[in-house]
Amino acid sequence: MLALRSSLRKVLAPRAQAPQVCSPFATGPRQSDGTLYEFRTYLLKPSKTNEFLENFKENVHLRTAHSELIGYWSVEFGGRTNKVFHIWKYDNFAHRTAVRKALANDKEWQERFLIPNLAFVDAQEVEITYLVPWCKIGTPPKEGVYELATFQMKPGGPALWGHAFKRAVNAHVELGYSKLIGVFHTEYGALNRVHVLWWNESADSRAAGRHWSHEDPRVVAAVRESVNYLESQQNMFLIPASFSPLK
């Protein structure tokens, strides 16, 4: 009987809860907000790139009547050229679905832009991202150029590498040579991927700032920690279109 009581106490005794791991990229604030950012990349026919951009410029108001355009850029270098990259903001997935349905039924948009320009596009790529909780969309001080730096992190998610990545980004921000516009974590697309969008006054000011940062011990220490979780990285140099909200 004593042995039975002892066994019951062990079974009924409250179990210690596993410790929670917090991260700067934690899903709570991000998912309760719901706001998502769609990254769209179009690979265009070389002979039709300028015509495509001019046509979109003339009809951009038809598209932005349905949802908010954050920015629209041409890729100057960093991968394939004759490529445009744009970011669209949605309140949530239901909002995006409603917008896509409305666009399909918008005859003016279909006839004036979409149908005539589909033949100019060789391929399209789409990613769904969230803005990380510790970052808001920044405002550039004036017109300039942009860099989209993309980091493929090791599997394990933000709980593994989130703090180190945030320190690396902030180390660059504190030097002040570049303006942070946004840090985005991919939800659909390649997972464990983070995009960092920077504004610079010019390509030369960006290059000078990078050389300066490589000699700053704070940046070196933060980056050295972050690269332990890095699998690969790439970047694109972006020129904003005349109709882009971010210039």
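Leaving aside its neighbours within four places in sequence, with which residues is L230 in contact?

## Surroundings of L230

In this predicted model, L230 belongs to strand β8, which covers residues 230-240. Once neighbours within four places in sequence are set aside, the contacts of L230 are F151, Q152, M153 and K154.

L230 can also be placed relative to F165. The two residues are separated by 65 residues in sequence, and their C-alpha atoms lie 9.4 Å apart in space. F165 is itself one of the α6 residues that meet helix α8.

## Packing of α6 against α8

Helix α6 spans residues 158-175 and helix α8 spans residues 217-226; their axes come within 8 Å and cross at roughly 155°. Because angles over 145 degrees count as roughly antiparallel, this crossing makes α6 roughly antiparallel to α8. The crossing of the two helices is left-handed.

On the α6 side, the contact is made by A164, F165, R167, A168, A171, H172 and L175, and these meet R218, V219, A222, V223, E225 and S226 of α8. By class, the residues of this contact comprise eight nonpolar, two polar and three charged.

## The largest pocket

The largest pocket has a volume of about 470 Å³. It is lined by 26 residues, of which F151, H172, R210, V223 and Q233 are the closest to its centre.

Which elements each supply at least two residues of the lining? They are β5 (145-153), α6, β7 (193-200), α7 (203-213), α8 and β8. Strand β5 gives the most, with five residues. In terms of residue class, the lining divides into 14 nonpolar, nine polar and three charged residues.

## Packing of α3 against α5

A further helix pair is formed by α3 (residues 49-64) and α5 (residues 107-117), whose axes come within 10 Å and cross at roughly 155°. These helices are therefore roughly antiparallel to each other, and their crossing is left-handed.

From α3, the residues F52, N55, F56, E58, N59, H61, L62 and R63 meet E108, W109, R112, F113 and N117 of α5. This contact has five nonpolar, four polar and four charged residues.

Conventions
Residues numbered from 1 in each chain as written. Predicted model: local features only at pLDDT ≥ 70, side-chain atom pairs only at ≥ 80, totals over all residues. Heavy atoms only, no water. Axes fitted to C-alpha atoms, helices over the stretch in contact; angles between N-to-C directions. Helix = DSSP H or I, 4+ residues; strand = E, 2+ residues; numbered from the N terminus. Parallel < 35°, antiparallel > 145°, perpendicular 65-115°, else oblique. Left-handed = near helix turned anticlockwise from the far one by under 90°. Contact = heavy atoms within 4.5 Å. Nonpolar A, V, L, I, M, F, W, Y, C, P; charged D, E, K, R; others polar. 1 Å grid on protein atoms, 1.4 Å probe; cavity = no way out; pocket = protein on both sides within 12 Å on 5 of 7 lines; lining within 4 Å. Points joined across faces, edges and corners; volume = space filled by probe spheres on them.
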